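Please read the points below with the model open beside you. They are meant to be followed in order.

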Amino acid sequence: MKDTVRQLILGWLPALILVAGAGNAMAADSGWDFSGNTALQLRGFAQDALWPEQNSSDAEVSVSGEWEVRWRSDDGDQRASFIPFARWDENDEERTHLDLREAYWAYEGDPFELLVGINKVFWGVTESVHLVDIINQTDLVEDIDQEDKLGQPMVNLAVQQDWGLITLYVLPYFRERTFPGLDGRFRAPLPVDWDDADYESGAKDKHVDMALRYSHYFGDVDVGLYYFHGTSREPRLLLADNGRELKPFYDQIDQVGLDLQYTQDAWLWKLEAILRDGFDETFMASVAGFEYTFYQVNESDADIGVLLEYQYDERSSQEPLTTADNDVFAGVRWSLNDAQDTAVLAGVVVDKKTSETFFNLEAERRFGDSVFLELRLRAITNSEQDEPLYSFSRDDYIQLQLSRYF
Amino acid sequence: MTQLQIFGATVLSVVSLLGALPAFSQTPEEKGFDVAARSDRSDRGFGDSEAEMTMVLRNAAGQESSRSMYFSTLEIPDESVGDKSLVLFSTPKDIEGTALLSHAKILDPDDQWLYLPALKRVKRISSKNKSGPFVGSEFAFEDFTASELNKFSYKYLREEPCGDLQCDVVERYPRYENSGYTKQISWVDTTEYQIRKIEFYDRRDSLLKELVFEDYRKYDDKFWRAHRLSMKNLQTNKSTDLVYGEYKFGVGLTDNDFVKGRLSRLR
């Protein structure tokens, strides 16, 4: 059955892509703009899965699509966006999912903007971990790098002044983190029953979260500072009553976050830090480091960037689990600066105490005008049974993703 | 010709000679600066502008790829501060929404922010990379941002015909750091004071690239804009053409349109 499905997908996907690609005739300067992409993703795993109920297949096929509808009024003051995302995965039914990444209306005055609806917001400067980024929930089934996010319902007011940008977020509805299902890779010994979460707040996922942020730059220094009050985006995972599942528990937290970047010559010096009043303590965490770029290496057009970051987190084991507690990240970014935007980023994160090591390689290149190919290699070594990445230690994989943009 | 006419012609030529005398006492450096300043100031007062642009990249084998983007500029009248500019990409589709915001300085490094729409991330980037290629093209970053008068020192070379026009030929030397050029030679016409051609000399002082400005059109009876810029790399035989659509002036852009906080609100 599964093979039939796979053949069907592989056989029909090009046709589907062509149909989707036919809808790109809309001019960009009219009120409406339609775009998006469809992608075929292949994963190959190096080892058999660690946990018995996980799918035994060493290959995984999945297909995703993101469709973007944008509108702007004639006077330019109003705009709207509607971006649904869907993925179908042959092995993990939890990874087969649908989300609204954006669905908002915004009114722009001078010097303010009001946005109502679902949107995505990113804060931060570092590369190896996104510590201060908090508005959107992680769509963990998409990628373990936590860079894929679920759309967050919000009312957002932004006011621009000479002395900086002030943004206020009122977040009336909480999104639960997605987790792989029983069949899926990248999971703990027990699967997470993620859509049946418990909350500290009696209002559960209707608790109204708030955030206030200031951001600006002073010469070579860019700074962002915020206060967040509401439901933690990171759950604690507790054993469910039936003993066969983990249940997420979302605490109420207060968090202050700071991001700083000092840009000097070819150096980017970066710092992110948070102070969180969490479940049973107040703790701080930070990540700091630099990126230095050698431009036009050997008189070519290519740049090579060297990255080094140190991750520190003083939270106790009572708090949601983190891997970035005492780790060093070292990486290299190679950008060819060619017409195809070819780029490679390779890095390792090593835990200073346990030597647990996470290796990551990402390479990308455009073919023609609208086909984009991405390669990812991820591996975990030196992981012992009591360490946080042990559950994923036999999930080393290679991923190829072919996307067609329209 | 009557005596009077001869007398008149003599007087005129003496007067014009006298009028030209201060120019003779000018050094080539001063005259070069004056030509560049006259050209730069012919554009003064444009306020703000917007235009769509298509970039056609051609490799040595003649294979083409293209990118389209939308350019907006805010004039900062003070010659000791640079203009502000914003580039928003619309194709290739995988980088649609990517934007580059620049606050140009004269001799200090420019302030630049890059917006990456997939992550919705704003990144302050180093502007040391003056001589690197701009999005894979034959244009370097500095070819876009270094149009400010005081970013160069100048030397007048000669006057010569350039197409149907006469041109002042002026050598200019980057005064800012990290330029990939030892010098540039510019051809500026003597009628409208617009740049018609630039030759770029690399760090070894050999001819690297040639940029030709074509399809000049006049807006608001004052402001000239070239609508086709053709850059040819003479060492690699690669080339890049920039083809501009109609410019719009006086759009009402302000400083608030050129801040990093706006980058996520452009589409």
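**Notes on the model**

1. In helix α2(B), the buried residues are Gly32(B), Phe33(B), Val35(B), Ala36(B) and Ser39(B). A residue is called buried if 20 or more other C-beta atoms lie within 10 Å of its own, exposed if 12 or fewer, and partly exposed in between, with C-beta atoms placed from the backbone. Helices (H or I, at least four residues) and strands (E, at least two) are DSSP runs, numbered from the N terminus. Seen down the axis of α2(B), the buried residues fall within an arc of 160°, so they line one face of the helix; the arc is that of the directions from the helix axis to the C-beta atoms. An α-helix has 3.6 residues a turn, so residues three or four places apart point the same way.

2. This is a predicted model, in which local features need pLDDT of at least 70 and side-chain atom pairs count only at pLDDT 80 or more, while totals for chains, interfaces and linings use all residues. Residues are numbered from 1 along each chain as its sequence is written, and chains are lettered from A and ligands numbered from 1 in the order in which they are written.

3. What do the buried residues of α2(B) pack against? Their partners are β7 (152-162), β8 (165-174), β9 (183-189) and β10 (195-201) of chain B. Leaving aside neighbours within four places in sequence, Ala36(B) is in contact (C-beta atoms, placed from the backbone, within 7 Å) with Leu149(B), Tyr154(B), Val170(B) and Arg172(B).

4. The largest nonpolar core has 23 residues. A nonpolar core is a set of buried Ala, Val, Leu, Ile, Met, Phe, Trp, Tyr and Cys residues joined through C-beta atoms within 7 Å. Among the members that touch the most others are Val35(B), Ala36(B) and Tyr154(B). Apart from this core lies another, of 16 residues, including Leu131(A) and Phe228(A).

5. Two cis peptide bonds deserve a look. One joins Asp110(A) and Pro111(A), with omega about 10°; Pro111(A) lies in the loop between β4 (97-108) and β5 (112-119) of chain A. Another joins Thr91(B) and Pro92(B), with omega about -5°, and Pro92(B) lies in the loop between β3 (84-91) and β4 (99-103) of chain B.

6. Positive phi values also occur in residues other than glycine. Phi of Asp215(B) is near 55°, and Asp215(B) sits in strand β11 (residues 207-219) of chain B. Asp215(B) counts as exposed because it has 11 C-beta neighbours inside 10 Å.

Technical notes: Contact = placed C-beta atoms within 7 Å.
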